[in-house]
Amino acid sequence: MNSTDTTPVTAGGRTDRRRWFALAIVMTAAFMDLVDVTIVNIAIPSIQRESGASFSQIQWITAGYALAFAAGLITGGRLGDIHGRKRIFLVGIGGFTVASALCGLAVNPEMLVASRFLQGGMAALMVPQVLSIVHATFPAHERGKVFGLFGAVVGLGAVSGPLLGALLTEWNLFGWEWRSIFLINLPVGVAGLVLGSRFITESRAPRALKLDLVGVALVTLGLLMLLYPLIRGRELDWPVWGYVSMAGSLVVLAVLVAFEKRKSARDGSPLVELSLFRVKSFAAGIAVQTVFGVALGVFFLVWTLYMQFGLGWSPLKAGLTGVPFSIAVSVAAGVSVQKLVPRFGRKVLQAGSLVMASGVLLYIWESGHYGLAIAPWQMALPLVVMGVGMGLIVAPLTDAILSEVPREHAGSASGLINTVQQMGNALGLALVSVVFFGTISDHLRPEQIGPAFADAFQNALGYVAAVMGAIFLLMFALPKRPAQRVEGEQAPVGNTEPVLVP
């Protein structure tokens, strides 16, 4: 969304009791997207074994979703502003449901990868409408309660995704194995489509910006030119064209900047509002968000591979192991926003980066000390420390980035924050080929697999710890204390999505 203003089509939309049904529908859709981000990782070994996917294809199954989602988020919001949030939401949830069916029915890894790209693109249409619909449907005095409920749904999605994925994979419903993690979306999506068409009130922005499809194409091309060689490079023995492609991605991104400057001057509706980067705290915050996304993309994929391939754990055992982490993130995030940041400001985020780095280093030590005999309860301490550190960062980071942004650009800035976080996540998933698989031999005997994956896990976590140190330094450019909103002023909404645990 590019404007915080909303125009409900029907005057009774804000007071109609049906708004609570509409809220349940859009929150269910948001929950479905959240779960789909986190549910896949835990099923990756099952997908690899049953479909015969290579490890680079496994990376594309996760990175493809993140890339398509990131590339389409801002455009998805603008389509809702122009053509109606209800209409685009229904297109998005319908397309997401179809893409989920294609994922579940995939006959080979290539079809699964393509379906995940489609699923991410449809999520980019669906998700930006959620908070916009809430903002257009509920009066200002009710939004605090509604956004509180939305936060609870976000927390539930983060906690339940890996566990739900583990249970569905373990139960092997109808012999579907990993396919059930996608097919479970079908009844939910159909219900959301039918009920949404009845209960959601249409709304549009009074002054919607135009689409920037050239900008979207340039961003997507530039990222693909960077990610494809990173993911395939190891398998292909790092060919020369891969380095040329990665260097060329910088040229494409330079062309993007030049085009966005021209488009901003021509019609004021660029995909990326470049003037925002003149605000030091925003530029630094975008860098933090991107690098943080890289760290999360690396960690969560290699963590799954380590537990299930390296240690030989079942999906359920791996899923349950992550519960302390998710709980710690949720608790620390609440305390951070409500108690700590108002008192200590930027120091809370910096402390979070150091705490998370400490948890990562502790995890490296435990993995080396206990070896393949490590137990879930022994992982609990480093995971809780990491979760506390992450919780201290994720909840207040958006406010810190936006605190010095002019109010008229708040919607564009919000969309860009979430876009770069997803792009960072996609880049992190691509870098797994370098920091994890790059240390594993192509020809391992069965007895060598466990130690090799454990060593690769420790190597990858070393990079994650270094990234958290870099984030600590970048945070010095954030304002010491986020600017306080005027009483009654709402947080920007639109192209916004909470920072997620991948």
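Modeller: In this predicted model, Ala, Val, Leu, Ile, Met, Phe, Trp, Tyr, Cys and Pro count as nonpolar, Asp, Glu, Lys and Arg as charged, and the others, Gly among them, as polar.

Biologist: By class, what makes up the lining of the second largest pocket?

Modeller: That lining has 18 nonpolar, three polar and one charged residues. The pocket holds about 450 Å³ of space, and of its 22 lining residues, V219, L256, L416, V420 and M423 are the closest to its centre.

Biologist: Which helix gives the most to the lining of the second largest pocket?

Modeller: Helix α15 does, with six residues. At least two residues each come from α2 (55–83), α8 (213–232), α9, α10 (280–310) and α15 (410–435).

Biologist: Why does G248 count as buried?

Modeller: Buried means under 20% relative accessible area. G248 has 16% relative accessibility, and therefore counts as buried. G248 is found in helix α9 (residues 240–267).

Biologist: How do you know that the buried residues of α7 line one face of the helix?

Modeller: The buried residues of α7 are N185, G189, G192, G196 and F199. Seen down the axis of α7, they fall within an arc of 115°, so they line one face. These residues pack against α1 (18–51), α3 (85–104), α4 (109–137) and α6 (180–183), while P187, V194 and R198 are exposed on the other side.

Biologist: How does the reach of α7 compare with what is expected at 1.5 Å a residue, and what is that reach?

Modeller: Helix α7 (residues 185–199) has 15 residues and reaches 20 Å from its first C-alpha to its last, which is close to the expected 21 Å.

Note on methods:
Residues numbered from 1 in each chain as written. Predicted model: local features only at pLDDT ≥ 70, side-chain atom pairs only at ≥ 80, totals over all residues. Heavy atoms only, no water. Helix = DSSP H or I, 4+ residues; strand = E, 2+ residues; numbered from the N terminus. Expected span 1.5 Å × (residues − 1). Buried < 20%, exposed > 50% of the residue type's maximum accessible area, 1.4 Å probe, protein only. Arc of directions from axis to C-beta. Contact = heavy atoms within 4.5 Å. 1 Å grid on protein atoms, 1.4 Å probe; cavity = no way out; pocket = protein on both sides within 12 Å on 5 of 7 lines; lining within 4 Å. Points joined across faces, edges and corners; volume = space filled by probe spheres on them.
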